[in-house]
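Visitor: I am new to this structure and would be grateful for a guided introduction.

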Amino acid sequence: MVMRDTLEIKRLHLARLEVGGQQWPVHGFVVIHPAGALLVDTGVGGPDEMLSDWRAVNRTAAEALGDIDMSPADIDLVINTHLHFDHCGQNAVFSHAPCYVQRAEVERAKVESRDLFDWFGFMNARFELLDGDAEIVPGVRVIATPGHTSGHQSVLVSGTAGATGDVDVLIGDAAYTTVQYGGPEDGKLPPGQAADPAAWRASLQRIRSSDPTRVHFCHDTAVLHR
Ligand SMILES: [Zn+2]
């Protein structure tokens, strides 16, 4: 474990997907923390036919980490916002690290996407199962934000770059982009944004009401500033 005294968030460029004729980026994030390096979401992986359905232009997590002069061995801990193929696809690369996920999300994935669940071989993962909100390391919390999936979680990082009071949200897919984050609640949602619209709206409201300094998205390179 590499000790550092700053708290920093670094963006990874993991893949691109084609959604409704548009190119979507896939981002993960590394939180550089005094206690170690945390990876939030591991990128795209899955059976070939699935990747070709999504016209995935994929990179290995190792390649993406190389952009920020890191390697998979530097990652001490993984957090999955949820278990869709573009967020946990390369979990296997980080089998040396504990992986924090909501118990409800593992149960959902088992039932809703059994084939993918088996493909990933999740049974061998070092899952640390969470039941709701939890502090992972000091200043890094996950909060349950169901709606996109029933076991979705988002990550709140306090005090980046030494600024006490700053809160960065790594939102996962609780909002795909700045548009869904800021848009009217009755606005038309992209396919898949909300499996449960009422829960989705409540989760988004919860995130907004935490008045984050910055919001970072998995499918939008833009960062929303307060
Ligand atoms: Zn998703």
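**Strands and overall form**

Guide: 4 bridges join strand β6 to strand β7 (residues 127-130), and these two strands run parallel. Two strands pair if DSSP finds at least two bridges between them. This is a predicted model, in which local features need pLDDT of at least 70 and side-chain atom pairs count only at pLDDT 80 or more, while totals for chains, interfaces and linings use all residues. Residues are numbered from 1 along each chain as its sequence is written, and side-chain values use heavy atoms, with hydrogens and water left out.

Visitor: Which residue is the bridge partner of Cys99 in β7?

Guide: Strand β6 covers residues 99-102, and on its other pairing 2 bridges join it to strand β5 (residues 77-79), also in parallel. In that pairing Cys99 is the partner of Val78. In β7, the partner of Cys99 is Phe127.

Visitor: Are the residues of β6 buried or exposed?

Guide: Buried means under 20% relative accessible area, exposed over 50%, and partly exposed in between (1.4 Å probe, protein chains only). Cys99 and Val101 lie on one side of β6, and Tyr100 and Gln102 on the other. Both faces are covered, and these four residues are all buried.

Visitor: How many helices and strands are there in the protein chain?

Guide: Helices (H or I, at least four residues) and strands (E, at least two) are DSSP runs, numbered from the N terminus. By that count the protein chain has 6 helices and 13 strands.

Visitor: What percentage of the 226 residues is buried?

Guide: Leu17, in strand β1 (residues 8-19), is one example, being buried with a relative accessible area of 2%. Contact means heavy atoms within 4.5 Å, and beyond its neighbours within four places in sequence Leu17 is in contact with residues including Trp24, Val44, Trp54 and Phe85. Over the protein chain, the buried share of the 226 residues is 53%.

Visitor: What separates the C-alpha atoms of Leu17 and Arg141?

Guide: Along the chain, Leu17 and Arg141 are 124 residues apart.
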